[in-house]
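Please open the model in a viewer and follow the selections below in order.

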Amino acid sequence: MSFFEYRNGEMHAEGVTLAAIAAQVGTPFYCYSAGALRAGWREFADGIKGMKAPHKVGVCYAMKANSNLAVIRVFAEMGAGADIVSVGEMRRALAAGIPASRIIYSGVGKKASELMEALQAKVGQINVESTAELETLNAVAGQLGVRADITIRVNPDVDAGTHAKITTGRKENKFGIDIDLAREAFALAGRLPNLKVVGVAMHIGSQLTSLEPYRAAIVRVRELIGQLRADGHRIDRFDIGGGLGIVYADEKPPSIAEFMAVVARETAGLGCELTFEPGRRLVGESGVLVSEVILVKPGAAKTFVIVDAAMNDLIRPTLYEAWHDILPVREARQDAATIRCDIVGPICESGDFLAQNRDLPPLAAGDLVMIRSAGAYGAVMASSYNTRPLAPEVMVDGTRFAVIRPRPTIDEMLRAERFPPWMEPVKA
Ligand SMILES: *Cc1c(COP(=O)(O)O)cnc(C)c1O
């Protein structure tokens with residue numbers, strides 16, 4: 001079932017028209033389908049059940065993809081853990097009801113103060129990415145008189161075949177410890193008294209549409225696990241990371257069942273509990289960005305459709321050259337002619353576009369458009385550049401909808417700032 005579809009010529013999110021939400025909330029806004037979020041989670045749960053070899057498996061939602069409390073809560077209610085990359089995200093996960101024991105703390109540059117907060121909150125696992133972090137964490141754990149459960153994230157040096165800005169598993173990427181240096185790092189961890197090594201972690205990139213990089217990486221890490229065990233380490237967990245791709249245009253990402261089958265085959269007999277950290281796959285297609293056309297500007301070379309959403313709301317097109325499907329909220333007639341246009345925002349940057357050279361049915365001022373697959377790395381990457389208030393987020397569940405983050409007023413935005421005390425007050 002599709003959670004965003006035309007019915008009677010009007011785009012619906014589940015049982016609600018996007019036009020009705022726009023009338024109440026204003027544009028632009030993000031809209032998430034709770035049903036789609038749950039369906040995404042269920043696909044993982046079913047995939048795990050369908051694995052041939054019995055595996056102990058945990059799924060930790062990588063919440064940097066979409067960290068709205070209500071979104072996290074949907075997954076928390078279904079038994080999710082969380083993969084976090086900051087103390088701020090830890091606070092969100094806890095506030096949304098994810099138990100600390102199911103939180104994994106990832107990230108290439110954690111500060112001692114952040115590690116301390118995470119240990120005080122009793123997060124379940126810390127994925128360490130450097131020998132310097134091993135030393136820092138050992139010192140912090142010593143101060144608190146606790147022992148930290150850790151994995152070491154290794155960099156298996158495989159090409160994820162994805163965009164350069166979202167590949168993470170090559171030697172030249174900053175993430176993880178080179179797989180060739182991993183044994184030394186585990187030896188160090190084994191000597192540090194306040195660390196308890198529980199396993200190995202990897203995360204090779206994002207928006208992967210092929211399973212081959214996962215297979216190649218698992219083969220390498222599996223070999224490493226054998227060496228580590230021969231070195232005397234206890235390796236009980238294998239954290240496979242996230243990265244599974246979604247549909248933006250005509251990608252054919254593997255199903256979760258296919259993914260799980262490859263993982264199960266390559267880890268058979270390894271005797272490790274498996275962890276998955278899906279982000280984008282759980283939320284990407286569950287969200288859209290809705291925007292209103294401000295005006296249409298025919299140019300000599302092409303037509304510009306200027307809308308009220310911009311790169312500050314959705315930076316993926318300009319940051320990753322990402323392609324997002326754009327549809328009119330009121331369904332176009334089957335025989336409608338199309339115009340070739342750029343869909344752009346009002347921001348003073350040539351990089352401010354949502355789509356380029358797109359053939360769309362004619363649009364006019366006041367029309368609503370829906371930008372698809374915007375649930376991941378959309379609202380979380382938004383800024384208020386040009387003093388544009390952050391777009392609100394709305395959740396639909398069946399025939400209900402609710403604002404889950406309101407649009408700040410300009411007054412609220414200004415109130416967050418202040419003049420230094422030596423400046424003259426502004427005369428009213
Ligand atoms: C970003 C990230 C993820 C999630 O990546 P997706 O491509 O959104 O699935 C998982 N694990 C780690 C360590 C990450 O940094």
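## Cavity, pockets and ligand

The structure holds one cavity of 30 Å³ or more. On a 1 Å grid over the protein atoms alone, a cavity is a set of points where a 1.4 Å probe fits but cannot get out, whereas a pocket is an open set with protein on both sides within 12 Å along at least five of seven lines; lining residues have an atom within 4 Å of a point. Volumes are the space filled by probe spheres set on the points, which are joined across faces, edges and corners.

This is a predicted model, in which local features need pLDDT of at least 70 and side-chain atom pairs count only at pLDDT 80 or more, while totals for chains, interfaces and linings use all residues. Residues are numbered from 1 along each chain as its sequence is written, and side-chain values use heavy atoms, with hydrogens and water left out.

Next, display the largest pocket, with a volume of about 650 Å³. It has 35 lining residues, and Lys64, Val85, Phe175, His203 and Tyr377 are the closest to its centre. Colour domain 1 (4-32 + 284-415) and domain 2 (34-281) separately: both give residues to the lining, so the largest pocket lies between them. These bounds come from an automatic or database domain assignment.

Now show the ligand, which takes up the space of the largest pocket. Around the ligand are 14 residues, the closest being Lys64, Ser206, Glu277, Arg280 and Tyr377 (a residue is near if one of its heavy atoms lies within 4 Å). By class, this shell has three nonpolar, six polar and five charged residues.

Which atoms of Lys64 and Arg280 lie 2.7 Å from an oxygen atom of the ligand? For Lys64 it is a polar side-chain atom; for Arg280, a backbone N or O atom. A side-chain N or O atom of Glu277 is 2.6 Å from a nitrogen atom of the ligand.

Finally, move to the second largest pocket, of about 490 Å³. Among its 26 lining residues, Glu43, Ile246, Arg281, Glu285 and Ser286 lie nearest its centre.

Conventions
A polar contact is a pair of N or O atoms within 3.5 Å; within protein, one must be able to donate a hydrogen and the other to accept it, and residues adjacent in sequence count only if both atoms are side-chain atoms. A molecule sits in a cavity or pocket if more than half of its atoms lie within 2 Å of its grid points. Ala, Val, Leu, Ile, Met, Phe, Trp, Tyr, Cys and Pro count as nonpolar, Asp, Glu, Lys and Arg as charged, and the others, Gly among them, as polar.
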